[in-house]
Amino acid sequence: NYLKYYKVGVCMIIYENTKSGFVNDTKTGYIADIIRDSFLKANINHSNDSEFRAWTNSLMYMSNVLDDNEISDECNVAIEYQIPLTSKRVDFLITGKDEENNNNIVIVELKQWENCTPTQREDIVYAFVGKSERAVCHPSYQAYSYSKIIENFNEDVYKENISLYPCAYLHNFKEENRKNIEHQNYKEAIALAPVFLSHDTLKLREFIKTYVRKKDDANLMLKIEHGKLKPAKALQDALSSMLAGNQEF
């Protein structure tokens with residue numbers, strides 16, 4: 001049952017598997033077909049050739065990152081998770097436990113970029129997206145924002161102290177352009193969600209292994225998929241403070 005999708009309102013995971021199952025699906029060359037077919041079964045049109053190539057390309061790189069004996073074959077992987085009540089989709093999730101048996105989730109934002117242009121706008125870069133240069137979120141900020149949405153609205157996540165660790169993987173990004181994606185304007189976002197480039201495969205693997213090595217025992221993927229949607233008290237308190245006219249507003 002490697003092909004798995006759920007649709008509850010706007011909540012969906014298009015692909016879910018064990019780490020070993022995911023690695024096998026990429027090595028045999030079926031991964032992009034499986035994802036496309038899963039979208040079709042969910043009545044979502046994803047016949048875009050460039051997106052199909054992106055799945056093939058990016059997920060082969062992720063398979064290479066995870067193909068390590070120190071990451072349990074029984075850790076769980078999810079691809080194309082749509083965050084409830086939003087149009088945001090998380091590219092890649094892997095769940096498991098670290099050496100201290102903490103239950104953790106690593107979020108990976110995947111990009112095909114080879115370069116980008118820094119801007120003076122906070123967390124915004126120019127990148128070639130959709131056949132033209134566009135102002136878009138820095139991948140680190142994008143990954144971090146996804147983790148915060150999940151942390152603030154998924155009751156299972158915040159009540160059970162499940163930790164989320166976001167990062168970005170730009171596997172085609174040329175080393176000579178590193179200064180652009182790691183520009184000082186994005187220092188804060190990168191501190192919250194590290195960015196890994198084409199030469200950083202082993203660094204990304206070590207990042208993941210810091211938080212995910214063993215299979216989790218808390219049904220983490222199920223809680224991500226179907227956790228009760230309720231704003232965390234910390235978020236409610238912050239909103240109340242803002243509405244009261246305090247400095248945060």
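## Overall make-up

Helices, here runs of at least four residues, and strands, runs of at least two, are assigned by DSSP and numbered from the N terminus. In this predicted model, the protein has 10 helices and nine strands. Of its 249 residues, 48% count as buried. Among the contacts in the protein with a separation of 6 or more, 68% are accounted for by residues 24 or more positions apart.

## Lys 19 in helix H1

Lys 19 lies in helix H1, which covers residues 19–27. Because its relative accessible area is 2%, and buried means under 20%, Lys 19 is classed as buried. The side chain of Lys 19 reaches the backbone oxygen of Asp 68 at 3.1 Å.

Leaving aside residues up to four places away in sequence, Lys 19 touches Leu 66, Asp 68, Ile 71, Ser 72, Asp 73, Cys 75 and Val 77.

## Asp 37 in helix H2

Asp 37 is found in helix H2, residues 31–41, and counts as partly exposed because its relative accessibility is 32%, a value that falls between the 20% and 50% limits. The C-alpha atoms of Asp 37 and Ile 14 are separated by 9.4 Å, the two residues being 23 residues apart along the chain.

## Helices H3 and H8

Two packed helices are described by the angle between their axes and the distance between the axes. For helix H3 (residues 49–66) and helix H8 (residues 201–211), the axes come within 9 Å and cross at roughly 65°, and H3 passes H8 in a right-handed crossing. On the H3 side the contact is made by Met 62, Asn 64, Val 65 and Leu 66, and on the H8 side by Thr 201, Leu 204, Arg 205 and Ile 208. Sorted by class, the contact of H3 with H8 has five nonpolar, two polar and one charged residues.

The buried residues of H8 are Thr 201, Leu 204, Arg 205, Phe 207, Ile 208, Lys 209 and Tyr 211. These buried residues pack against H3 and also against strand S3 (89–97), strand S4 (103–111), S8 and strand S9 (195–196).

## Helix H4

Helix H4, residues 139–153, has 15 residues and reaches 21 Å from its first C-alpha to its last, close to the 21 Å expected at 1.5 Å a residue. The buried residues of H4 are Pro 139, Ser 140, Gln 142, Ala 143, Ser 145, Tyr 146, Ser 147 and Ile 150. An α-helix has 3.6 residues a turn, so residues three or four places apart point the same way.

## Two asparagines with positive phi

Most residues other than glycine have a negative phi. Asn 161, however, has a positive phi near 55°; this residue lies in the loop between helix H5 (155–159) and strand S8 (163–170). With a relative accessible area of 64%, Asn 161 is exposed, because the limit for that class is over 50%.

Asn 219 likewise has a positive phi, near 50°, and lies in the loop between H8 and helix H9 (220–226). Asn 219 is also exposed, because its relative accessible area is 53% and exposed means over 50%.

Methods: Residues numbered from 1 in each chain as written. Predicted model: local features only at pLDDT ≥ 70, side-chain atom pairs only at ≥ 80, totals over all residues. Heavy atoms only, no water. Buried < 20%, exposed > 50% of the residue type's maximum accessible area, 1.4 Å probe, protein only. Polar contact = N/O pair within 3.5 Å; in protein donor to acceptor, adjacent residues only side chain to side chain. Contact = heavy atoms within 4.5 Å. Expected span 1.5 Å × (residues − 1). Axes fitted to C-alpha atoms, helices over the stretch in contact; angles between N-to-C directions. Left-handed = near helix turned anticlockwise from the far one by under 90°. Nonpolar A, V, L, I, M, F, W, Y, C, P; charged D, E, K, R; others polar.
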